[in-house]
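Dear colleague,

Please find below the structure that I am handing over to you. The notes after it set out what was found.

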Amino acid sequence: SLAGKLELRLLRLTGFEQRHFQKDHIHMLDVGRRHWIELMKKELQFGDANREPKRSGSSYRYPSSDDAYDCWDYRFHHRENLTAEDKSSTMAQNFELTMFRAMHRYFSLAPMVGTYLDVGCGTGRIISFFGGFFEKVTCVEADAMRINMAKSVYTSRGRTQSTTFANQRLLDFIQSSGGDMFDAISCIHVIQHIPDEEVLRWLTLMRSKLNQGGIIAIATTHSQVDKFTISTGETISKEEFSRRASGNTQFGKLAVRQFSKTALHALIQASGLVVLEHREFGFPDALGRKSAISQYAILARDSQPKHPGLGAPDPPLKGMYVPPFIYQ
C-alpha cells in the first residue's frame with residue numbers, strides 16, 4: 001500500500017539520518033522531518049521506478065527527489081582551509097562549502113542588492129542561504145510541487161520585502177517577465193538536466209536579464225570528460241539525453257550531463273558572459289584522491305572594474321546563513 005511504502009522509506013531514511021547526522025552532531029527539527037515526509041509523498045506519486053510518472057495535464061514533474069540531499073551534503077569533503085572555530089560549524093563538512101563561500105563573498109559585497117533571480121529554485125535551499133541579501137527575490141521552477149514547497153518554507157521566515165514564485169520554465173519566464181532585470185542571478189545544479197541544445201540559450205537569456213555590474217552564479221556537475229548519463233550511472237547518447245531532458249522521464253532516472261570544465265567554459269564564452277571565478281569542488285574522498293564532482297562559475301555580463309567579491313576573504317562559517325528548517 002502507499003502508506004506501507006511510505007513507512008518503509010521513512011524507516012530507511014531514519015537509519016540514514018542516524019548513521020550520518022549523529023556522527024556530525026546534527027539533529028533534525030520536527031519541521032525538517034515534515035519536509036522529508038512531503039518529499040517522500042512526492043516521490044511515491046510517481047509510482048514504480050520502471051513506469052512513467054503520473055502526469056497532471058502537461059505540467060512538468062522533476063523525475064527525482066531531494067529525500068537524502070542534505071545527508072548527502074555531509075558524506076563528501078572539500079579542500080577549504082578552516083579555522084578551529086569554523087571546524088565546529090555544521091557547515092564544516094558540507095561538500096558545497098567552496099561554492100557557498102564564493103557566492104557569499106560576491107552576493108554580500110554586491111554593489112547592487114535590489115533584485116535577485118534564482119533559476120530552478122527547487123525546494124528553495126539556495127534562496128534560503130542568499131535571498132536575505134536582496135530586497136526582492138524571484139524564484140523560477142517548472143515543478144509546481146517543488147516551488148510550492150519553496151514558497152511555504154521561505155515565506156514563513158519573511159527574509160525579503162518582496163518574493164515572487166513563478167511556476168514556469170525559464171524560457172517561458174523570460175517571455176513573460178517583460179523588462180524585469182536583476183542584480184544577481186543563480187542557477188545551481190540545473191543546467192546538467194536540460195537538453196544539450198538549450199544550455200547556450202539559457203546562459204544567453206540569463207545574461208540578457210542581468211543588470212550592468214551584476215553577477216551570475218552557476219553550478220553544475222564536473223567530469224574530466226564531457227558525457228551524457230542518467231542518475232543510475234548509465235552513459236547514454238546525446239540524442240537520448242536530450243529526449244529525456246526535454247520532458248518527464250521515468251522516476252529515478254534523471255538525465256544528468258557530466259560537464260568537463262573545458263566544455264562549460266566554452267559555453268560561457270559563447271554566451272558573451274565574462275568569467276570572474278571558475279573552480280571545481282566537492283571531492284568524494286577525504287584525501288582528494290578522486291576528481292571533483294561539481295564546478296561553479298561566477299560570471300559578469302561584460303568586462304567591468306574589479307568586483308569587490310573577487311579576492312575578498314572568505315566569511316567565517318558562523319556568519320553564513322543556515323536554513324533553520326534543516327539544521328539545529
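Which residue forms a salt bridge with Arg101? The partner is Asp314, and the closest N and O atoms of the two are 3.9 Å apart. A salt bridge here is a side-chain nitrogen of Lys or Arg within 4 Å of a carboxyl oxygen of Asp or Glu. The pair links distant parts of the chain, 213 residues apart, with Asp314 in the segment after β9 and Arg101 in helix α5 (residues 97-108). Helices (H or I, at least four residues) and strands (E, at least two) are DSSP runs, numbered from the N terminus.

Some notes on the source come next. This is a predicted model, in which local features need pLDDT of at least 70 and side-chain atom pairs count only at pLDDT 80 or more, while totals for chains, interfaces and linings use all residues. Residues are numbered from 1 along each chain as its sequence is written, and side-chain values use heavy atoms, with hydrogens and water left out.

Salt bridges

Arg101 counts as buried because its relative accessibility is 4%, whereas Asp314 is partly exposed at 37%. Buried means under 20% relative accessible area, exposed over 50% and partly exposed in between (1.4 Å probe, protein chains only). Both residues belong to a network, joined by salt bridges that share partners, which also takes in Glu80, Asp86, Arg105, Glu277 and Arg279. In the whole structure, a search finds 16 salt bridges.

Another of these pairs is Lys318 with Glu85, whose closest N and O atoms are 3.4 Å apart. Lys318 is exposed, with a relative accessible area of 65%, while Glu85 is partly exposed at 47%.

A further salt bridge is formed by Arg207 and Asp302, with the closest N and O atoms 2.8 Å apart. Arg207 is in helix α9 and Asp302 in the segment after β9, 95 residues apart. Asp302 counts as partly exposed, at 26% relative accessibility.

Helices α9 and α11

Arg207 also takes part in a helix contact: Val199, Leu200, Leu203, Thr204 and Arg207 in α9 meet Leu267, Ile268, Ala270 and Ser271 in α11, where contact means heavy atoms within 4.5 Å. By type, the residues of this contact divide into six nonpolar, two polar and one charged (Ala, Val, Leu, Ile, Met, Phe, Trp, Tyr, Cys and Pro count as nonpolar, Asp, Glu, Lys and Arg as charged, and the others, Gly among them, as polar).

The axes of α9 (residues 199-208) and α11 (residues 261-271) come within 9 Å and cross at roughly 45°. Axes are lines fitted to C-alpha atoms, for helices over the stretch in contact, and angles run from 0 to 180 degrees between N-to-C directions. The two helices are therefore oblique to each other, since angles under 35 degrees count as roughly parallel, over 145 as roughly antiparallel, 65 to 115 as roughly perpendicular and the rest as oblique.

His189 is found in the loop between β4 (182-188) and α9. Its phi is near 55°, a positive value in a residue other than glycine, and His189 counts as buried at 16% relative accessibility. Pro195 is found in that loop between β4 and α9 as well, and is buried at 3%. Leaving aside neighbours within four places in sequence, Pro195 is in contact with Phe241, Ser242, Ala245 and Ser246.

Yours sincerely
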